[in-house]
Amino acid sequence: MSREVKHVLALQGELAECPLWSVREQVLWCVDILAPAIHRFDPASGKLETFHLDEHVGCIGLRKQGGLIAALRSGVWLLDEQGRPEVKVADNPGVAEVSRFNDGRVDPWGNFWCGSLWEPQDKNGGVLCRVTPQLKLKVMARDIKISNGLAFSPDHRWMYHSDTPNQVLYRYPLDAQGEPGSREVFKHFDAKGGLPDGAAVDSEGFYWSAQFDGGRVVRIDPNTAEIVDEILLPVQWPTMVAFGGPELKTLYITSSREHRTAEELARYPLSGDIFAVELDVAGIAEPLFG
């Protein structure tokens, strides 16, 4: 289905990621992992605030008491409303010199999940972690090359998680307390159509996945794992999606320009910017940490 893709912010991020809609503030948060920086964008006014950091920032979550929780290269931190680190929760459980945090989000039980990637790319050295409201970090999964695509079904029965270079989307069954069971392969991807990057689930339970190097976002049926819809983009390297807007029917899409050649950037000059598409289906409000 053809839809208008709006160019909403000329961010020109090196690696824009983790878009996150604050229902309380009616603004879009996101990170530029490599800048490194956290951005706060108000679509109504067009105002952009940028909070610079001293180390790579993989993902963020909103806290109940205000401020953010963030997975930085050194570990997980609590930040204030201006993105300033306040309290270190836990160290990076990997080798921080070659393993940084990447994708993540808060789950319906108020835990913060954050996954890492193994930068040498010669083994599956990434991990998936969970930080509880009591500020305890536990490694929940290993055997990951680049952790991505974390999302939770609206009925709280499933957690989705992708490994981008391994071209696979997993899912985990969840019990009533949010404890995951054994992971299972939900879908394999053909690299020709893009690799599964960041994602979000809509209110009908369908999984929206940014297809890195595929120039599109796809909607995946939770029962059949089939692609049932796609949004074609003016950039080749989308990184993640988030539902936002007053009715949560605006799909925001971040993108990357990392490692792109001059020729590639001439072909896709909007790489690193943020886009939006109006949908007929709503998303789910992001839970708060704590």
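**Pockets, a sheet and one glycine**

Guide: The lining of the second largest pocket divides into 11 nonpolar, two polar and three charged residues. Keep in mind that this is a predicted model.

Visitor: How is the lining of the largest pocket divided by class?

Guide: Into seven nonpolar, seven polar and seven charged residues. This pocket holds about 460 Å³ of space. Leu-15, Arg-100, Ile-146, Phe-212 and Glu-258 lie nearest its centre, while β10 (99-106), β11 (112-118) and β18 (195-201) each supply at least two residues of its lining.

Visitor: In what order do the strands of the open sheet run?

Guide: The order is β14-β15-β16-β17, with antiparallel pairing. β14 (147-152) and β17 (184-188) each have a single partner strand, so one side of each lacks a neighbour in the sheet. Neighbouring strands are turned by 25° against each other on average, direction ignored. Between β14 and β15 (residues 158-163) there are four bridges; Asn-148 has Ser-162 in β15 as its bridge partner.

Visitor: Is Gly-61 buried or exposed?

Guide: Buried counts as under 20% relative accessible area. Gly-61 is at 2% relative accessibility, so it counts as buried. Gly-61 lies in strand β6 (residues 57-62). Beyond its neighbours within four places in sequence, its contacts include Leu-20, Ile-69 and Phe-112.

Technical notes
Residues are numbered from 1 along each chain as its sequence is written. This is a predicted model: local features need pLDDT of at least 70, side-chain atom pairs count only at pLDDT 80 or more; totals for chains, interfaces and linings use all residues. Side-chain values use heavy atoms; hydrogens and water are left out. Two strands pair if DSSP finds at least two bridges between them. Axes are lines fitted to C-alpha atoms, for helices over the stretch in contact, and angles run from 0 to 180 degrees between N-to-C directions. Buried means under 20% relative accessible area, exposed over 50%, partly exposed in between (1.4 Å probe, protein chains only). Contact means heavy atoms within 4.5 Å. On a 1 Å grid over the protein atoms alone, a cavity is a set of points where a 1.4 Å probe fits but cannot get out, and a pocket is an open set with protein on both sides within 12 Å along at least five of seven lines; lining residues have an atom within 4 Å of a point. Grid points are joined across faces, edges and corners, and a volume is the space filled by probe spheres set on the points. Ala, Val, Leu, Ile, Met, Phe, Trp, Tyr, Cys and Pro count as nonpolar, Asp, Glu, Lys and Arg as charged, and the others, Gly among them, as polar.
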